[in-house]
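Have the structure open while you read.

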Amino acid sequence: MSTIIEIFSYPFMVRAIIVGSLVSLCAALLGVSLVLKRYSMIGDGLSHVGFGALSVAAAMNVAPLKIAIPVVIIAAFFLLRISSNSKIQGDAAIALISSSSIAAGVIVTSMTSGLNADVYSYMFGSILAMGKSDVFMSIVLSVIVLLIYVLFYNKIFSITFDQNFSKATGIKTDFYNTLISILTAVTIVVGMRIMGTMLISSLVIFPTLTSMRLFKSFKSVVISSAIISIICFTIGIIVSYIMNFPAGASIVAVNLVAFIVFVIIGKIRG
Amino acid sequence: MSILKCENLSVAYENMVVFENVNFEIEEGDYVCVVGENGSGKSTLMKSILGLIPIRSGKVEFLNGLSKNEIGYLPQQTVIQKDFPASVYEVVISGCINRMGLRPFYTSKEKKRAAEVMERLEITSIKNKSYRDLSGGQQQRVLLARALCATDKILVLDEPITGLDPIMTDEMYKIIKEINKKNKITVVMVSHDIESAVNEADKILHIEKGVKFFGTTQDYINSDIGKVFVSRERNVR
């Protein structure tokens, strides 16, 4: 208990916890739709593009989010197009974009400041990275995501389950798909500095996959993902504080444990 | 009274023409089967009517009070749906989505409609089951129920009996016929099963890069193209 009080006595920890849990919540909600539509790789691709953009921003000495958010939103737009277009090999294209972005980021950084602690923290995350503006940003973002989820929940379900049916009945599927990928892009940019480029996509993917082991309706999967993501984040960050592990890795590890537990319970239940 | 009219409709993927100059009219209360070889453009024709793929030239018209979002569509199943966590009820009521506009939630009227449709298709007892745990036949019933939530006027069914065993196939045909005759809902069904098509439907639309035949089933059986196609498909079986 005293450790938890101690954690909350550091302003940077409080900021990291606020931003992290809100970002986890958003990522989990958006993730349900992405994972079920087989767009999981988009999250991964976006985080790599985000790395490139953050590195370039750091090298140019500009506020990182100002560059990274628009760049990643544009990338989200393209990745979605690529993935829904069966003519191009979507997975291969995403892999190309991912590695190219990392390469660009690394080259730009080594030309200027050299590969320093900043780049390391973009790769694997750092809870020290969160400032006041991030707290503000994450609150705004999560309010938007929650509102959209509540207002468009039934449409999101319909589009996720059956895009063609929804489109045939007059729903603007492209609009909703784009909306979801833009929100995912923003979520990833805000979250990746805590979680790290390599690990942020787990926040999108794990909660849904874990929930799907036990829950059988869309609504229950959505609710369970939201709860699991926040619980796993909180446990992860406490573990990371006590054990002195990097936060991102600890959170992913906790998510993995949760996944395994759900798989086992699912098997026992049959 | 026609409710759907295609005029000189052409569709192409890239530069490959799928079909050209398709002309036909669907009358209210029709039961039309769309037949043709694999890859002849049957499903593509349905998708272009529903606005899912772009039309190269020509037009699709909805007449006499039918509007585009009042079509109950039963698409072919997708890979995504195989392990999708959704209850039967969630899937069925999502058929009411075309009535919603910007309203975020379903009204009690829509919930009642979903309940009635489930009752009619005898799936009320599996209402809370997960869609992915159902048999192929039950899944098709659920998708048909969703389509019925969306329409009182016309159903477009894309190979609704794919993957069903003979008993479930017969049941499905029985339900579709009942919907057509009792509830007076127009049915347009894509089928690769020519035998059942000529048994079930009142009209046949034979597609092969364009319209090869459109008319009553009786005329089709007596036509040259009909004779050839029916007997060849019989021999394949």
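Is S101(A) buried or exposed? S101(A) is buried, with a relative accessible area of 14%; buried here means under 20% relative accessible area, exposed means over 50%, and partly exposed is in between (1.4 Å probe, protein chains only). You'll find S101(A) in helix α5 (residues 90–111) of chain A. Helices (H or I, at least four residues) and strands (E, at least two) are DSSP runs, numbered from the N terminus. Setting aside neighbours within four places in sequence, S101(A) is in contact with H48(A), V49(A) and G52(A), where contact means heavy atoms within 4.5 Å.

A quick word on ground rules. This is a predicted model, where local features need pLDDT of at least 70 and side-chain atom pairs count only at pLDDT 80 or more, while totals for chains, interfaces and linings use all residues. Residues are numbered from 1 along each chain as its sequence is written, chains are lettered from A and ligands numbered from 1 in the order in which they are written, and side-chain values use heavy atoms, with hydrogens and water left out.

**Where the chains meet**

The contact between the chains takes 28 residues from chain A and 39 residues from chain B. The size of an interface is often given as the accessible area lost when the parts come together. For chain A and chain B, the buried area is about 2,800 Å², and carbon and sulfur atoms give 60% of it. That area is the accessible area (1.4 Å probe) that two parts lose on being put together, summed over both.

Between chain A and chain B there are 13 residue pairs in polar contact, both residues at pLDDT 80 or more. A polar contact is a pair of N or O atoms within 3.5 Å; within protein, one must be able to donate a hydrogen and the other to accept it, and residues adjacent in sequence count only if both atoms are side-chain atoms. On the chain A side, α7 (132–151), α8 (153–161), α9 (163–168) and α12 each supply at least two residues that touch chain B. The largest share of that side, 7 residues, comes from α8(A). By class, the chain A side has 13 nonpolar, 7 polar and 8 charged residues. For that tally, Ala, Val, Leu, Ile, Met, Phe, Trp, Tyr, Cys and Pro count as nonpolar, Asp, Glu, Lys and Arg as charged, and the others, Gly among them, as polar.

**Salt bridges**

Side chains of opposite charge can pair when their charged atoms come close. The rule used here asks for a side-chain nitrogen of Lys or Arg within 4 Å of a carboxyl oxygen of Asp or Glu. The count comes to 14 salt bridges over all chains, and 3 salt bridges are found across the interface of chain A and chain B. Here are some of the pairs:

| Pair | N to O distance |
|---|---|
| D83(B) and R38(A) | 3.3 Å |
| K216(A) and D133(B) | 3.1 Å |
| K5(B) and E7(B) | 3.4 Å |
| K42(B) and E159(B) | 4.0 Å |

How exposed are the partners? K216(A) is partly exposed at 41% relative accessible area, and D133(B) is partly exposed at 45%. K5(B) counts as partly exposed at 23% relative accessibility, as does E7(B) at 27%. Both K42(B) and E159(B), on the other hand, are buried.

**Nonpolar cores**

In soluble globular proteins, nonpolar side chains tend to be buried together. A nonpolar core is a set of buried Ala, Val, Leu, Ile, Met, Phe, Trp, Tyr and Cys residues joined through side-chain atoms within 4.5 Å. The largest one has 125 residues, and those with the most contacts inside it are L46(A), V92(B), I123(B), L144(B) and Y220(B). Helix α2 (residues 11–36) of chain A gives the largest share of this core, 13 residues. A second, separate core of 31 residues includes I3(B), L9(B), F19(B) and V188(B).

**Two asparagines with positive phi**

N244(A) has a phi near 65 degrees, a positive value in a residue other than glycine. N244(A) sits in the loop between α12 (218–243) and α13 (247–269) of chain A, and is exposed, with a relative accessible area of 69%. N21(B) also has a positive phi, near 45 degrees, and is placed in strand β2 (residues 16–27) of chain B.
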